[in-house]
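Here are a few exercises to work through with the structure open beside you. Try each one yourself before you read the solution.

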Amino acid sequence: MASTETARTASVARKTNETDISVSVRVDGTGAGSIATGVGFFDHMLEQLSRHSLIDLDVSAKGDLHIDDHHTVEDVGIAIGQALAKALGDRKGICRYASLDLAMDETLTRAAIDISGRPFLVWDVDFSAPKIGTFDTELVREFFQALAQHGGITLHVTNLYGANNHHIAETCFKAVARVLRTACEIDPRQKDRIPSTKGSLA
């Protein structure tokens, strides 16, 4: 798919014995969309990801929630990563890099990204409790691991400080959203070039 400002959209369907997921993304959107995973806190986080990245995101997921939320959260991360990679195509013209410190009340979280084609996650985030409501806090990392792996993204996320676990999780999603927005934007100075001396970000 061509990486142009008018064509950067993609859809992915993923069906296993554990989940049935469909995802659509529009990179050059307004942060609109529809999120329905059956996991309330996760839906709230994905809404933050979409709204603050300005990536239109439609997610429909049915998973084995009678077991736990793990398969649904991980597989949604896989599908969103695959859809982003597909929508960005050869990544021609993108800014590629971004970093940001994001504050929310008492919490500060840093995210840095390289849309490099080389998946890697550095995760330096600790939660003081195993759950936020009924949501397992360890699944925040699982989502970003799946997103980075299947999106071909190098992603570093560090929580510098914070007391409220909801705020810590939310700043992770918002910070990643903001760096995604910047890194995916078309650089007008090199809109027809792949931003790599290799000539490829595959």
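**Exercise 1.** Find out how many salt bridges there are in this predicted model.

*Solution.* Start with the rule: a side-chain nitrogen of Lys or Arg has to sit within 4 Å of a carboxyl oxygen of Asp or Glu. Go through the model with that rule and you end up with eight salt bridges. The idea behind it is simple: oppositely charged side chains can pair when their charged atoms come close.

**Exercise 2.** Work out which parts of the chain are linked by the pair Asp 75 and Arg 14, and whether each partner is buried or partly exposed.

*Solution.* First check the distance: the closest N and O atoms of Asp 75 and Arg 14 are 3.5 Å apart, so by the 4 Å cut-off this is a salt bridge. Last, look at accessibility. Asp 75 has a relative accessible area of 4%, so it is buried, whereas Arg 14, at 24%, counts as partly exposed.

**Exercise 3.** Locate Arg 96 and Asp 114, and say what their pairing ties together.

*Solution.* Begin with the contact: the two side chains, Arg 96 and Asp 114, meet in a salt bridge at 2.6 Å, N to O. Arg 96 lies in the loop between H2 and strand E5 (97-104), and Asp 114 in strand E6 (residues 107-114), so the pair ties together parts that are 18 residues apart in sequence. Both Arg 96 and Asp 114 are buried.

**Exercise 4.** Decide whether Asp 136 and Lys 131 are buried or partly exposed.

*Solution.* These two side chains, Asp 136 and Lys 131, form a salt bridge too, at 2.4 Å from N to O. Asp 136 has a relative accessible area of 18%; buried means under 20%, so Asp 136 is buried. Lys 131 comes out at 42%, so it counts as partly exposed. Still on salt bridges, shared partners join Arg 96, Asp 114 and Arg 118 into one network.

**Exercise 5.** Describe the surroundings of Asn 159.

*Solution.* Find Asn 159 in strand E10 (residues 154-161). At 15% relative accessibility, Asn 159 counts as buried. Now list its contacts, skipping neighbours within four places in sequence: Thr 107, Leu 108, Thr 109, Asp 124, Val 125 and Ile 168. With one of these, Thr 109, Asn 159 makes a polar contact, side chain to side chain, at 3.1 Å.

Terms used. Residues numbered from 1 in each chain as written. Predicted model: local features only at pLDDT ≥ 70, side-chain atom pairs only at ≥ 80, totals over all residues. Heavy atoms only, no water. Helix = DSSP H or I, 4+ residues; strand = E, 2+ residues; numbered from the N terminus. Buried < 20%, exposed > 50% of the residue type's maximum accessible area, 1.4 Å probe, protein only. Polar contact = N/O pair within 3.5 Å; in protein donor to acceptor, adjacent residues only side chain to side chain. Contact = heavy atoms within 4.5 Å.
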